[in-house]
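Work through the exercises below with the sequence and the structure side by side, and try each task before reading its solution.

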Amino acid sequence: MSVMSIEKIVEQALLDGYLTPAMEAEVGRICDNASELSIEEYMALDRLMGALLTGEVVAVPRKQFINVMEELVLTEAIARVAEIEATSESSLDVGDIAAYALNRLPPLYATTEEGANYQRQRAKADLQELIAQQIGEAIGRYLDRPTNDNKTPVTAKNTGNEVLRQVSNLLQVYAPNFEQKSPI
């Protein structure tokens with residue numbers, strides 16, 4: 001979402017009939033960063049509060065999702081990268097390989113741990129071969145990419161700790177607030 005004024009956000013919410021989490025976050029950001037709000041901004045916030053209270057505008061709840069495909073692809077990518085790095089001088093970026101494969105695989109979203117388990121079983125039964133194929137293609141492309149030998153500094157081979165750090169960073173990005181919830 002591009003930077004908008006409180007007035008524009010409220011106008012959009014009134015027009016649409018809903019306030020998205022992104023719109024709500026932008027209003028919060030503006031309020032947090034402003035030393036003081038203008039009369040117009042206070043009036044817009046008051047209009048928004050009134051519309052929320054009457055139901056004219058509905059706040060869209062923040063729902064946490066997890067894409068189980070990300071977990072499955074990361075698991076496969078880590079195993080394959082570890083094999084290659086153990087038997088060669090090649091150094092691969094797990095994140096690049098996972099992203100390439102994920103862009104070519106269907107997402108498998110879940111909102112509960114029970115739903116995630118169902119998606120995992122479904123994917124392992126129906127999609128494991130496709131996941132392995134996409135990871136293989138990603139690794140091939142990664143290894144075939146052109147390098148600028150004179151311009152690119154030589155990087156150290158990834159250690160187990162480096163791969164673990166990459167995976168940890170990826171998981172924080174992919175599912176920062178995933179909570180294990182019981183089904184409704």
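The model is predicted, so local features need pLDDT of at least 70 and side-chain atom pairs count only at pLDDT 80 or more, while totals for chains, interfaces and linings use all residues. Residues are numbered from 1 along each chain as its sequence is written, and side-chain values use heavy atoms, with hydrogens and water left out.

**Exercise 1. The whole chain**

Determine how many helices and strands the protein chain has, and in which order they follow one another.

Solution. Begin with the assignment, in which helices (H or I, at least four residues) and strands (E, at least two) are DSSP runs numbered from the N terminus. The protein chain then has 8 helices and 4 strands, and from the N terminus on they are arranged as α-β-α-α-β-β-α-α-β-α-α-α. Next, turn to burial, where buried means under 20% relative accessible area, exposed over 50%, and partly exposed in between (1.4 Å probe, protein chains only); of the 184 residues in the protein chain, 31% are buried. Finally, take contacts, defined as heavy atoms within 4.5 Å: among those in the protein chain with a separation of 6 or more, 78% join residues 24 or more positions apart.

**Exercise 2. Helices α4 and α6**

Describe how α4 and α6 pack, and state which residues meet.

Solution. Two packed helices are described by the angle between their axes and the distance between the axes. Axes are lines fitted to C-alpha atoms, for helices over the stretch in contact, and angles run from 0 to 180 degrees between N-to-C directions. For α4 (residues 68-87) and α6 (residues 113-126) the angle is about 50° and the axes are 9 Å apart. Angles under 35 degrees count as roughly parallel, over 145 as roughly antiparallel, 65 to 115 as roughly perpendicular and the rest as oblique, and α4 and α6 are therefore oblique to each other. As to the residues, V68, E71 and L72 of α4 meet A116, Q119, R120, A123 and K124 of α6. Sorted by class, this contact has 4 nonpolar, 1 polar and 3 charged residues, where Ala, Val, Leu, Ile, Met, Phe, Trp, Tyr, Cys and Pro count as nonpolar, Asp, Glu, Lys and Arg as charged, and the others, Gly among them, as polar.

**Exercise 3. Helices α5 and α7**

State how α5 and α7 are oriented, and then locate R104.

Solution. The axes of α5 (residues 94-102) and α7 (residues 128-144) come within 8 Å and cross at roughly 130°, and the two helices are therefore oblique to each other. The contact is made by D96, I97, Y100 and A101 of α5 with residues of α7 including I135, A138 and Y142; by class, it has 7 nonpolar, 1 polar and 3 charged residues. R104 is found in the loop between α5 and β4 and, with a relative accessible area of 41%, is partly exposed.
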